[in-house]
Amino acid sequence: MKTKWVLTQEAFDRLLAWLDSDRENAGIRFLEISGKLTLFFARRGCPVAEELTDETMNRVSRRVEDIAPTYVGDQALYFHGVSQNVYWEWLEKEKRLKELRKRFDLRLLFSYKPAVDETIYECLDECLQKLDAKSREELLVYYRFNGRLKIETRKKMADDIGITPGALTTRVYRLRAELEPCITECSKTREDQRVL
């Protein structure tokens, strides 16, 4: 999902003015549209339907100054178009998180056992995206399996790269060392935001 944009009073006023010149009618229209958006997300099984509605409203608010002068037709259709993008981004993120949960036993990745909640996986996903594609794939494959399959996979990885298994372990350790502070900082930031 895109970086959060904070809705200012000025942007909200512009949005209401776009919905209707009468402020009271604009408020009613705003509530109608947001209710329909929440229903749209909820019917598709989103447990965070309200958050996705807020994200949709924020994105439209951010763009309303550019689109209002030339937009023709029902504004609700524009909101619906944006909500579909938000929904597909959310689905993609959920798919990545699901894959991470399947592929990663966090006890293997870290020497401590963090509280395994969605925040950790979200932070892991966010921090993995900061690695280059090759490093990210190496890390994901390295921690993918357990038991005999783990040994065989790591040996094949080392052979494919042209290094010894020990050198591969060192390489992955460095990647982990790069990843762990990012996850710790991300988790702390999200925890601080939750407290506020």
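Lys-134 is exposed, at 53% relative accessibility. In this predicted model, Lys-134 forms a salt bridge with Glu-138. The closest N and O atoms of the two are 4.0 Å apart. Glu-138 is buried, with a relative accessible area of 8%. Both residues sit in helix α7, which spans residues 133-142. They are 4 residues apart, so about one helical turn separates them.

Take Glu-89 and Arg-59, whose closest N and O atoms are 2.6 Å apart in a salt bridge. Glu-89 belongs to helix α4 (residues 75-103), and Arg-59 to helix α3 (residues 49-67). The two are 30 residues apart, and the pair links distant parts of the chain. Arg-59 is buried, at 6% relative accessible area. Glu-89 is partly exposed, at 22%.

Now turn to Asp-13 and Arg-23. They form a salt bridge, with 3.1 Å between the closest N and O atoms. Asp-13 lies in helix α1 (residues 9-19) and Arg-23 in helix α2 (residues 23-43), so the bridge ties together parts that are 10 residues apart in sequence. Asp-13 is partly exposed, at 29% relative accessibility. Arg-23 is partly exposed too, with a relative accessible area of 48%. Arg-23 does not count as exposed, because that class requires over 50%.

Salt bridges can also join into a network. Glu-10, Arg-14 and Glu-65 are linked in this way. The structure holds 14 salt bridges.

How values were computed. Residues numbered from 1 in each chain as written. Predicted model: local features only at pLDDT ≥ 70, side-chain atom pairs only at ≥ 80, totals over all residues. Heavy atoms only, no water. Salt bridge = Lys/Arg side-chain N within 4 Å of Asp/Glu carboxyl O. Buried < 20%, exposed > 50% of the residue type's maximum accessible area, 1.4 Å probe, protein only.
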